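Please look over the model below before reading on. My notes follow as numbered points.

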Amino acid sequence: MAALTDLTISAARDGLAKREFSARELAQAHIAAVEAARALNAFLVETPERALEMATASDGRLRRGEARLLDGIPLAIKDLFCTKGIATTAGSRILEGFKPPYESTVSAKLWEAGAVLLGKTNMDEFAMGSSNTTSAYGPVENPWRRRGDNRKLVPGGSSGGSAAAVAARAAMGATGTDTGGSIRQPASFTGIVGLKPTYGRCSRWGIVAFASSLDQAGPMTRSVRDAALMLRAMAGHDPKDSTSAPVDVPDFAAALTGDIRGLKIGIPREYRLDGMPMEIESLWQQGMEWLRAAGATPVEISLPMTKYALPAYYIIAPAEASSNLARYDGVRFGLRVPGETLDEMYEATRAQGFGDEVKRRVLIGTYVLSAGYYDAYYLKAQKLRALIARDFTNAFQSVDVILAPTAPSAAFPIGERADDPIAMYLNDVFTVPGNLSGLPGLSVPGGLSSDATPLGLQVIGRPFDEATVLRVGEVLERAADFQARPQFIAGGGA
Amino acid sequence: MALDKATVAGIATLARIRVPEEDRARLAQELSGILTWIEQLNEVATDGVEPMVSVADITLPLREDCVTDGGKRDEILANAPQQAKGFFLVPKVVE
């Protein structure tokens, strides 16, 4: 039998149901894997005792025939989700020592479904980054390396710790959040599956806010089916989040029929970028062929406003962040640096508590919202956002899903692009439009780059149509048959 | 838009982040670079376009105006860097 840490969530559920192993054994194997993975710096907090307690409760329910959807499944939680009584830092110094007195809705739903908490994962500070190098607690290392090159690679970001933990078999699945690509891009960089649901599908309550009109939680797993299972547990209307959608949560796994005959697959011509590596273009072509072979029809579409998505995003997201991050003032929680006056205390606390990228974005956000510049920048960006969303609405009148690359490159070495913010922002060129438009997007491992690191393909769907996105994603997954494994496996490997 | 050091200092004050004099030139350059890149949005005519505030196609829900939660003073204060007698402590504000 394969190592317990190598199982998918779906296989582990079967094994638990058949009593091939207990939830406690599964938890113990993963606790050891989390320890073995420490070199990756993927976890900020490990919760082995909590994991064993939760697993014991799961075993009780399994014995009594009361098993829930994710009973006994060991998961990692991105450190952006508040966990009651367990340190939550959002990757920032300014929240060091903060222990939330409440639990985020999404994590609470996972525990209600029987899942087991392994720990909290490292991330870019306040989810601002695409390489997990802006964390105040050090970068996360990707378990993959390039062929013939021993440099450490980034796992992508901002959900880099979650991605590395799942790829290295230290967790069976993890939560991520995606404001501009923070689930999908790290999933692509680490060879796993990452789903950003429709805006409003999962409650934002209890998730440390970055850009509230864009933030959305989602699952990161090693199979499309696992993402479907996890999403079902995470999703649902929550009166505590006024933007949470009052819509039913379908059985996403039941939608994985493998039948995509007759579906129309949009191929946006504007996603062919100048200077994009050939291997990304070839994988995209391959993806079209796979879907065609399964009976779907690729159709070229146009999303003319695509090139304006990133600059619009880099007004809207920092503007919302500058407002959301005003709460870190040294008064109610986290770090306080003393000052003579209240203002000096605020300024000293925020200067010491925030890292460079967070400061940059708060300053940009403050500027574009300030008197005299609001119309020229913020209002302009909101108008562009309307046009970008309209492109998708038009496209979805003639196609069922859109196929695109997830990111314009594979994982790069830690430290690369560090001194050029805009080069770093370009990582999200294919993911940001989906956030601005609120659409679901799924990244599925499609193949390997020329230096043998993972590349993802992205499926974007209509609002609240994750079922079709997952169905198409599973067809891609089967066709790609991605069996490659990272060089570092925490669970000891097969 | 090129920002100068004085503008950076002004924004930093609005954002309540202390930016020492020696960092202002570097920040002015970085922020100017980002703003110049952002200004490509001006290529697009947007007259008459309704600005999009949110994609959530829902009306904000209403509920009875009554107390549904509370009585959690100690929990709320538990994370405070400084507190006394059930209050957050801050440097003196009123002379």
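What percentage of the 494 residues of chain A count as buried?

1. The figure is 62% of the 494 residues of chain A. A residue is buried if 20 or more other C-beta atoms lie within 10 Å of its own, exposed if 12 or fewer, and partly exposed in between, with C-beta atoms placed from the backbone.

2. This is a predicted model, in which local features need pLDDT of at least 70 and side-chain atom pairs count only at pLDDT 80 or more, while totals for chains, interfaces and linings use all residues. Residues are numbered from 1 along each chain as its sequence is written, and chains are lettered from A and ligands numbered from 1 in the order in which they are written.

3. Overall build of chain A. A compact globule of 494 residues would have a radius of gyration near 23 Å, and chain A agrees with 21 Å. That radius is taken over C-alpha atoms, and the globule rule is 2.2 Å times the number of residues to the power 0.38. The C-alpha trace spans about 65 × 50 × 50 Å along its principal axes.

4. Chain A holds 15 helices and eleven strands. Both are DSSP runs numbered from the N terminus: helices are H or I with at least four residues, strands E with at least two.

5. Strand S11(A), residues 454-461, is mostly covered, with eight of its eight residues buried. Pro454(A), Gly456(A), Gln458(A) and Ile460(A) point one way. Leu455(A), Leu457(A), Val459(A) and Gly461(A) point the other way.

6. S11(A) has antiparallel partners. Five bridges join it to S9(A), residues 401-405, and seven to S10(A), residues 441-448. Two strands pair if DSSP finds at least two bridges between them. Leu457(A) stands opposite Pro405(A) and is also the bridge partner of Val444(A). The hairpin of S10(A) and S11(A) has five residues between the strands, and there Ala452(A) takes a positive phi near 70°.

7. Interface. 38 residues of chain B are in contact with 54 residues of chain A; contact puts the C-beta atoms, placed from the backbone, within 7 Å. H2(B), residues 21-38, gives the most to the side of chain B that touches chain A, with six residues.

8. H2(B) has 18 residues and reaches 26 Å from first C-alpha to last, close to the 26 Å expected. The expected span is 1.5 Å times one less than the number of residues. Its buried residues include Leu27(B), Glu30(B) and Ile34(B). What covers the buried residues of H2(B) includes H9, H11 and H13 of chain A together with H1 of chain B.

Key: Contact = placed C-beta atoms within 7 Å.
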